[in-house]
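Please give a briefing on this structure for someone who has not seen it before. Keep it plain, and group the points by topic.

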Amino acid sequence: MSLIHLAVAGYLFALVGLGVIARRRSGPTHVEFFLANRALGPTMLLLTMAATNFSSFTVLGFSGAGYRIGWAYYPIMAFGTGFIAVSFLIIGIPAMRAARELGAVTPPELIRLRLPNRALHAVYALVMVVFTLPYIALQPMGAGYALRELTGVPYAWGAAIVVVVGVAYVLLGGLRGDVLTDALQGLLMLFALAALLLGVARALGGFAAAGARIAAAAPELLGRPGGGGVFTPGIWLSYLLLWSFCDPMFPQLFQRFFAARDDRAIRTTARLYPIVTGGLFFFPVAIGVLGRLAVPGLEGNATDSILPRLVTQLLPPWAGAIALVAVLAALMSTLDSQLLTLSSIVIRDGAAFAGRARPPRRIVRPAVIVGLALAGFALALRPWAPILEIATEAFSGLAVLFPVTAAALWWRRTNAWAGLASIIAGETLVALSHFKIVPAFGLLPAIPAVAAAAIVLVAGSLLSPGDLPPVMKPPRRWPAWAAGFAVLLMLACDFWNWGDARVGWLALPRWLWYHFGLILALFLLLAAALRSPRGSGSAGR
């Protein structure tokens with residue numbers, strides 16, 4: 001057995017072992033199994049939120065996009081994902097408070113308890129399940145690619161291995177097991193990706209020297225619109241907005257808010273999130289960009305395997321173990337959370353919709369988790385597009401839920417039927433855009449869909465105003481903070497830098513350093529806004 005096989009076996013064994021440890025503290029109730037008894041403090045919440053959000057899309061999808069598009073992909077993801085910290089305050093804190101008060105365990109359950117309506121509850125839950133299943137499929141897809149390239153294990157077997165192990169420790173430890181493994185996997189992913197980038201850069205003559213060669217050989221990777229002309233101004237703005245709308249609606253992230261111990265845990269996570277994304281996301285994108293020098297000519301789905309290909313061609317055999325740990329840590333930390341959250345939705349919301357006073361017995365839980373895992377595995381067996389394309393389509397459907405979710409937490413006048421019409425309108429537009437029946441007007445399809453959902457929600461609420469007490473009052477200075485974040489978002493749309501491919505320090509594009517500065521500015525603005533309870537919007541009812 002090779003070093004790589006030993007490393008993978010040891011890593012997977014460690015995950016199951018953490019699940020066994022967590023089982024000793026995981027109780028039989030749904031609050032204990034799915035929410036870790038609502039007791040996650042700041043450090044563990046930050047680690048699990050980050051690891052859960054960083055999937056095979058982060059490691060393989062980002063490196064593939066860096067290979068195809070270039071450096072332009074970094075700020076779209078790093079600043080855009082960091083900016084969702086603002087949504088943690090808009091959605092996270094009030095959702096945590098409302099879920100604790102009402103006893104909600106799942107996101108659709110929270111909406112049902114805030115806006116009682118059978119049809120709204122069913123549609124909200126259905127959207128979460130339908131659009132998360134393709135995202136589940138991305139995780140075994142990533143495992144299949146990586147294990148095939150680095151160990152020769154057939155794609156289907158590689159995908160199956162991670163599904164089996166993920167199911168095992170989810171069943172053993174519930175959210176406590178997820179959190180323990182997320183903490184381990186998040187740190188492993190960070191250090192492994194950093195080590196791989198250093199190794200690849202050294203093999204190519206040094207980071208700056210390799211960057212200079214990229215500038216000469218493929219200058220389209222340095223500027224915007226990037227390779228393939230992907231980032232028009234409209235698409236750039238769309239991506240920056242998309243993450244703020246869709247990421248908090250990922251069921252596995254949304255449910256993490258319910259598990260927070262208090263406001264402070266979410267505030268700390270929000271404050272540090274831009275630094276985490278700004279640092280971690282640089283590594284896979286940079287690996288993809290440098291990959292154009294060593295492995296030219298890849299297209300389509302093949303670009304998603306650039307990281308393991310580089311490791312195989314440029315680095316010593318033991319580096320394959322590091323690469324596999326990075327990939328597996330990213331995808332398994334997301335797969336386990338998706339299985340846990342979707343199973344809670346199927347069990348609890350399915351029971352409520354069926355009119356059962358109590359959720360099914362515990363014996364149903366393993367069957368649901370295994371069934372969801374098999375569904376994701378089946379979708380992964382025949383990848384129908386690159387990881388980025390599949391992820392973007394899944395994100396579009398989930399983003400439509402943002403307007404009704406925010407309204408259910410903050411807007412007194414909203415009503416359930418307006419929320420239902422909002423989701424139907426938005427998802428209809430997502431479907432019509434997918435089949436090219438309606439244009440996207442130079443934007444990602446998610447943006448017109450979210451806009452339509454918001455317009456329908458507001459119109460329906462004004463026509464028949466409800467009387468829903470907001471979960472909490474906004475801070476007194478919220479207009480000033482909102483203006484500050486809006487200005488920062490506009491500065492991230494630096495269209496005046498389009499076409500600028502000049503390089504600066506370390507042979508990185510000059511405009512990229514501007515975006516490093518914006519990420520730091522976002523961190524400082526969040527720190528200022530969260531300096532006091534009033535700055536976070538934590539005033540009571």
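This is a predicted model: local features need pLDDT of at least 70, side-chain atom pairs count only at pLDDT 80 or more; totals for chains, interfaces and linings use all residues.

Residues are numbered from 1 along each chain as its sequence is written, and side-chain values use heavy atoms, with hydrogens and water left out. Helix H7 is mostly covered, and the structure holds zero disulfides.

- Helix H7 spans residues 107-114; helices here are DSSP runs (H or I, at least four residues), numbered from the N terminus.
- Six of the eight residues of H7 are buried, where buried means under 20% relative accessible area, exposed means over 50%, and partly exposed lies in between (1.4 Å probe, protein chains only).
- The buried residues of H7 are Pro107, Pro108, Glu109, Leu110, Ile111 and Arg114.
- Among the elements that cover these buried residues are helix H6 (85-102), helix H8 (118-151) and helix H12 (251-259). Helix H16 (319-353) and helix H19 (402-410) are also included.
- Threonine 106 caps the N-terminal end of H7, with a side-chain oxygen 3.1 Å from the backbone nitrogen of glutamate 109.

**H7 against H16**

- The axes of H7 and H16 come within 9 Å and cross at roughly 30°. Axes are lines fitted to C-alpha atoms, for helices over the stretch in contact, and angles run from 0 to 180 degrees between N-to-C directions.
- H7 and H16 are therefore roughly parallel to each other; angles under 35 degrees count as roughly parallel, over 145 as roughly antiparallel, 65 to 115 as roughly perpendicular and the rest as oblique.
- On the H7 side, the contact is made by Pro108, Glu109 and Arg112, and on the H16 side by Ile345, Arg348, Asp349 and Ala352. Contact means heavy atoms within 4.5 Å.
- Sorted by class, the contact of H7 with H16 has three nonpolar, no polar and four charged residues. Ala, Val, Leu, Ile, Met, Phe, Trp, Tyr, Cys and Pro count as nonpolar, Asp, Glu, Lys and Arg as charged, and the others, Gly among them, as polar.

**Cysteines**

- Cysteine 246 is buried, at a relative accessible area of 0%.
- Cysteine 493 also counts as buried, at 9% relative accessibility.

**Buried residues in helices**

- Serine 337 is placed in helix H16 and counts as buried at 0% relative accessibility.
- The side chains of serine 337 and aspartate 336 are joined by a polar contact of 3.1 Å. A polar contact is a pair of N or O atoms within 3.5 Å; within protein, one must be able to donate a hydrogen and the other to accept it, and residues adjacent in sequence count only if both atoms are side-chain atoms.
- Not counting residues up to four places away in sequence, serine 337 touches Thr52, Asp178, Asp182, Gln252 and Arg256.
- Asparagine 53 lies in helix H3 (residues 42-53) and is buried, with a relative accessible area of 7%.
- Leaving aside neighbours within four places in sequence, the contacts of asparagine 53 include Thr58, Thr81, Tyr135, Asp247 and Thr334.
- Asparagine 53 and threonine 81 are 28 residues apart in sequence and 9.6 Å apart in space, C-alpha to C-alpha.
- Methionine 141, in helix H8, is buried at a relative accessible area of 0%.

**Backbone features**

- Most residues other than glycine have a negative phi, and most peptide bonds are trans.
- The peptide bond from arginine 224 to proline 225 is cis, with omega near 25°. Proline 225 is in the loop between helix H10 (207-217) and helix H11 (233-246).
- Lysine 436 has a positive phi, near 60°, and is in the loop between helix H20 (416-434) and helix H21 (446-463). Lysine 436 counts as exposed, at 72% relative accessibility.
- Phenylalanine 441 has a phi near 60°, also a positive value, and is in the loop between H20 and H21. Phenylalanine 441 counts as exposed, at 64% relative accessibility.

Key. Helices (H or I, at least four residues) and strands (E, at least two) are DSSP runs, numbered from the N terminus. A disulfide is a pair of cysteine sulfur atoms within 2.5 Å.
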